[in-house]
Amino acid sequence: RDDEAGGVIRSSDSQVSRGTLSLAVGSMAFDGHPEWSREFADEEVTVSLHRWNWLLRGLTDAEALSRQQGIELMRSWIGHCYERSEYQRDAYSTGERIVNGSLFLLRTGDEELPSDIAAALRGMGRHVASDLEYYPSGLTGNHAFNNARALLFAGLVAKLPSGADLALAIAKERLPKLVTPDGFMREGSSHYHFLFSRWVLEMLWLARRSGQGAFVQLLVPYAALLVRRCWFFLVRDDVGSHWTIP
């Protein structure tokens, strides 16, 4: 229950129609509240259900999710899962929910979020802030930067100001460690180079539309280099004349 906004909505308060959620692989049909506790053989499919990836897929699928359908599904997940501890411990997955939910709401509407959804996103932001993924022996990697991305969205979209401040501090610390001077991710993964570049571009997009000059100034040089290096990894199919990643 969120102290600032009178509590997070309960599952019994929301109405959900039938439909299909697009997951990491395949989909899951529902009629009424989706089976949120369902486990799949592939863990990536299970986590995609709880990271709300289906919201972004719903923007581009042939049967697109409407704004109201997306809100109903978010309310359903919040009502069934928000207060369960197993869904609060994973800061990475919590952060993905914050960003995917925020992007869906901004893409389908404006800055005015439903108060109950905003309250839940603020609560998720606090969960991320209390469990930042910094690890000893140089094992922190890119997860702490993903935490910063979530905190920026929680701060600017769900109105958790301290989240944006913490996000800037983390980004300043992480970016020089994660990106080489010539613009490659130090981890050496072509796949993660694209994923990380997406994170930076999403943050830059939000910082620009929200007038966050310090964040824009920090991100622009890295974004330019990262995108330029994406072309290093892209492979052209001379038969089909399209570009693919490795």
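This is a predicted model: local features need pLDDT of at least 70, side-chain atom pairs count only at pLDDT 80 or more; totals for chains, interfaces and linings use all residues.

Me: Let's begin with helix 3 and helix 4: what is the handedness of their crossing?
Reply: The axes of helix 3 (residues 67-81) and helix 4 (residues 91-108) come within 10 Å of each other and cross at roughly 155°. An angle over 145 degrees counts as roughly antiparallel, which means helix 3 is roughly antiparallel to helix 4. As for handedness, the crossing of helix 3 and helix 4 is left-handed.

Me: Which residues of helix 4 meet helix 3?
Reply: On the side of helix 3, the contact uses R67, G70, I71, M74 and W77. Sorted by class, the contact of helix 3 with helix 4 holds five nonpolar, three polar and two charged residues. The residues that helix 4 brings are R97, G101, F104, L105 and T108.

Me: Are helix 2 and helix 4 roughly parallel or roughly antiparallel?
Reply: Helix 2 (residues 53-60) packs on helix 4 with the axes 7 Å apart and an angle of about 30°. Angles under 35 degrees count as roughly parallel. Helix 2 and helix 4 are therefore roughly parallel.

Me: What is the relation of helix 4 to helix 6, parallel or oblique?
Reply: The axes of helix 4 and helix 6 lie 9 Å apart, at an angle of about 40°. Helix 4 passes helix 6 in a left-handed crossing. With that angle of about 40°, helix 4 is therefore oblique to helix 6.

Me: How many nonpolar residues does the contact of helix 4 with helix 6 have?
Reply: From helix 4 come A91, Y92, G95, E96, I98, V99, S102 and L103, and from helix 6 come H143, N146, N147, R149, A150, F153 and A154. In the contact of helix 4 with helix 6, five residues are polar and two are charged, while the nonpolar ones number eight.

Me: Now to the strands: which residue in the hairpin of strand 1 and strand 2 takes a positive phi?
Reply: Strand 1 (residues 19-22) and strand 2 (residues 27-30) run antiparallel and are joined by four bridges. L21 stands opposite M28 in strand 2. The hairpin has four residues between its strands, and the positive phi, near 75°, belongs to G26.

Me: Last one: which element of the protein chain has the highest mean pLDDT?
Reply: The protein chain has a mean pLDDT of 91, and 94% of its residues reach 70 or more. Over residues 1-6 the pLDDT is below 50, and this stretch has 17 contacts in the model beyond near neighbours in sequence. Among the elements, strand 3 (residues 235-237) has the lowest mean, 87, and the highest, 97, goes to helix 6 (residues 143-156).

Terms used: Residues are numbered from 1 along each chain as its sequence is written. Side-chain values use heavy atoms; hydrogens and water are left out. Axes are lines fitted to C-alpha atoms, for helices over the stretch in contact, and angles run from 0 to 180 degrees between N-to-C directions. Helices (H or I, at least four residues) and strands (E, at least two) are DSSP runs, numbered from the N terminus. Angles under 35 degrees count as roughly parallel, over 145 as roughly antiparallel, 65 to 115 as roughly perpendicular and the rest as oblique. A crossing is left-handed if the near helix is turned anticlockwise from the far one by less than a right angle, and right-handed if clockwise. Contact means heavy atoms within 4.5 Å. Ala, Val, Leu, Ile, Met, Phe, Trp, Tyr, Cys and Pro count as nonpolar, Asp, Glu, Lys and Arg as charged, and the others, Gly among them, as polar. pLDDT is the predictor's confidence in each residue, from 0 to 100. Two strands pair if DSSP finds at least two bridges between them.
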